[in-house]
Amino acid sequence: MKKWSQTFIPTLKESPADAEIASHKLLLRAGLVRKLGGGLYTFMPSGLRVLQKIMAICREEMDREGGIELAMPHVHPVENWQKGPRWAAAREIMYRVDHAGDGKRSSRDPEFVLGPTHEEVITPLVKSEITSYRDLPKNFYQITTKFRNEIRPRYGLMRAREFIMKDAYSFDATDDGAIESYNRMKRAYTAFFTRCGLKTIPVEADTGVMGGSFSHEFMVPAPVGDDDIVYSDAGYSANREKATSALVPADLADAAPVGVVEEFATPGAVTIAALAAAPYGVPAEAQFKTLVFMGDGKPFLVVVRGCDDVEEAKLGSLGFQLWRAATSEEIEPLMGAKPGSLGTVRGTIKNPDALAGIFADHAIRLIGNGTTGANQDGFHLRNVNVVRDLAVTRFGDFRRVREGEPCPKSGEPLKLVRAIEVGHIFKLGTKYSEKFDAVYTDDKKQSHPMVMGCYGIGISRTLQAVIEQSNDADGILWPWHVAPWQVLVVNLDPQDETASGVAAQLAAAAEAAGADVLLDDRAERPGVKFKDADLIGIPLRLTVGGKGLKEGIFELKWRRGKDVQKVPLAEADRAIAEAVRQGAGTAGS
RNA sequence: CGGGGUGUAGCUUAGCCUGGUAGAGCGCCUGGUUUGGGACCAGGAGGUCGUAGGUUCGAAUCCUAUCGCCCCGACCA
């Protein structure tokens, strides 16, 4: 049992001006965190308690599925990263650390970075410690602080420069084994989020810089999220970056040409919309849109319908480490025209040999014969046939899916919703084990790279996601198992010995029933105590004092409910034990 | 890094356009009256107006630079 007067819960009546969303405001108002700088937060005592509870649940679920806890350094020799497979992409988000020195000369020490994640540490470790199939599989995890130079920290703990993450790394002898490890983690994650009182949707996801063969994200639907997820009732769900639709039928026949390619003048018409308007009247659905990107320094082209957007994450399938949209200066000498008049009709590109490829989205086959830029400023081409006229290295899925398109599983309309990513699991394959030579010997004395998986949970982000999902106008509605305290005993008359005695007795009863108890013993007026109680969101409130005490009762109230139960003091132990049992039996309330 | 905004007491802010004594509410301290949903009265402490230059007799206010923070975009758990 903790007395309010002996801990520190600095609540605020008003939200600090730099908090914008409900969960961020409540983190501050309920005294859970305080800001040091952008994306840097101190966990105050009650915030730390929530964090520790979430971590404890996470440990239990990881251990249940065979996870082995360890703790790796935060400071990494830069060589580990340089040797790894993603140095070029990952260095942008890493902090470099040097010792401060004596200020009189520059450091000549080795270079270090702060760990944004730990594949580059765990893989060499496992390489040197495990060499036999007999020691596999293994799944190592840790719960530690991660450091990422986020370009834009946001919304408190939601996207921070320094945050708490659970990261796990599985090592298997076989691909089947790796899939089993992956599924165990999927199970652990589902159990973990459920126990945190959080409703999540697992979705298929892009593997991004991490790489690997497939992955799932655990998403909390919320308007303030950074991602869009696409799903249908048939059970299809994917991050929008990865989502596909059945827009293009599998058996679609390529359209036959309708005539010869014709050039026509389009002075000043450099947008899809301009070409769609009078006097040209070419609908966006009949235009080929050609976009230029730079992949590892070489230009490549992507062709989509005029009405579609390129989903840039999908360009990851092309095999470039880094890619970006090309600039006008890069485009004109390559194509022969400025953006707005570009196309990929054979023979019209000025310098085709410089290209790393021309990649076309499947959906352009729906156009059949359409209109595209002539690679000559102020001119377009019509009667352009996809098969006959367009130079295409290969077709693929490069367009962004839109709400309402047919689900790839069932054909019913896809739905789209914003979400917060709280967990991500990857089947990595051998990308890292090959790079770090993490191999084992099988029972036939053959050497193979280990098959890896990696699995992350944003612990501190999960904390905020719970608040975002569970709050009302008065404050937080903590789910039982992550609440900083589960029972709040409010003593309205802390100066009165009888009231204090009863309050202590109720607190002891709740504690004996297995709850964490906070006793509000402050010399504040009742209104202040009730407001604070709602704000900090303790699930079960027991109120002692005033009129009630004279009648020989105390009050029992659930934070999520409206009813106040008046319970005779003689029945306190039984009623409290019952209520605590009820609270503990709920995942979400 | 691009675009937009903002910086005045622990928190929320007024004042800035049109230069001339820095003001309020909450919180804090003292005393009193109160005591079931953020009490009231009286008294009090707390601000180099983000920082540095400049213009001016005079700058929170105008100008320049710089830093921090917030929001939108690319990135991510």
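1. Helices H2 and H11 are roughly perpendicular to each other, a label that applies to angles of 65 to 115 degrees, whereas angles under 35 degrees count as roughly parallel, over 145 as roughly antiparallel and the rest as oblique. Helix H2 (residues 45-64) and helix H11 (residues 459-469) pack at an angle of about 110°, with their axes 10 Å apart. Axes here are lines fitted to C-alpha atoms, for helices over the stretch in contact, and angles run from 0 to 180 degrees between N-to-C directions. The crossing of H2 and H11 is right-handed; a crossing has that hand if the near helix is turned clockwise from the far one by less than a right angle, and is left-handed if anticlockwise. On the H2 side, Gly47, Val50, Leu51, Ile54, Met55 and Cys58 meet Ile459, Ser460 and Leu463 of H11, where contact means heavy atoms within 4.5 Å.

2. On the basis of the note: this is a predicted model, in which local features need pLDDT of at least 70 and side-chain atom pairs count only at pLDDT 80 or more, while totals for chains, interfaces and linings use all residues. Residues are numbered from 1 along each chain as its sequence is written, chains are lettered from A and ligands numbered from 1 in the order in which they are written, and side-chain values use heavy atoms, with hydrogens and water left out.

3. Overall description. Chain A contains 15 helices and 32 strands; helices (H or I, at least four residues) and strands (E, at least two) are DSSP runs, numbered from the N terminus. The C-alpha trace of chain A spans about 95 × 65 × 60 Å along its principal axes. Of its 589 residues, 50% count as buried, meaning under 20% relative accessible area, with exposed over 50% and partly exposed in between (1.4 Å probe, protein chains only). Among contacts between residues at least 6 apart in sequence, 70% join residues at least 24 apart.

4. Helix H12 (residues 497-512) packs with helix H15 (residues 572-584) at an angle of about 45°, and their axes are 9 Å apart. H12 and H15 are therefore oblique to each other. The crossing in which H12 passes H15 is right-handed. From H12, Leu506, Ala509 and Ala510 meet Ala572, Asp573, Ile576 and Val580 of H15.

5. The five-stranded sheet. An open sheet of mixed pairing is formed by five strands in the order E17-E15-E16-E18-E21; two strands pair if DSSP finds at least two bridges between them. Its edge strands, each pairing on one side only, are strand E17 (323-325) and strand E21 (394-396). From one strand to the next, the twist averages 35°. Strand E18 (residues 358-361) and E21 run parallel and are joined by three bridges, with Ala360 opposite Phe395 in E21.

6. Helix H8 on this sheet. H8 lies across E15, E16 and E17, and runs at about 115° to E15. The buried residues of H8 (residues 328-335) are Ile331, Leu334 and Met335. These residues cover an arc of only 75° around the axis, which puts them on the same side of H8; the arc is that of the directions from the helix axis to the C-beta atoms. Strand E15 (288-295) and strand E16 (298-305) are included in what covers them. After H8 comes Gly336, with a positive phi near 95°.

7. Strand E28. Five of the five residues of E28 (residues 487-491) are buried, so the strand is largely enclosed by the rest of the structure. Both faces are covered, with Val487, Val489 and Asn491 on one side and Leu488 and Val490 on the other. Four bridges join E28 to strand E29 (residues 517-520), and the two run parallel; Val489 stands opposite Leu519 in E29.

8. Leu488 is buried, with a relative accessible area of 1%. Beyond its neighbours within four places in sequence, Leu488 is in contact with Trp4, Leu518, Asp520, Ala533, Ile538, Leu540, Arg541 and Leu542. The C-alpha atoms of Leu488 and Met1 are separated by 9.7 Å, although the two residues are 487 residues apart along the chain.

9. Glu555. This residue lies in strand E31 (residues 553-558). Glu555 is partly exposed, with a relative accessible area of 23%. Leaving aside neighbours within four places in sequence, Glu555 is in contact with Arg541, Leu542, Thr543, Val564, Gln565 and Lys566. Glu555 and Asp474, 81 residues apart in sequence, are 19 Å apart in space, C-alpha to C-alpha.
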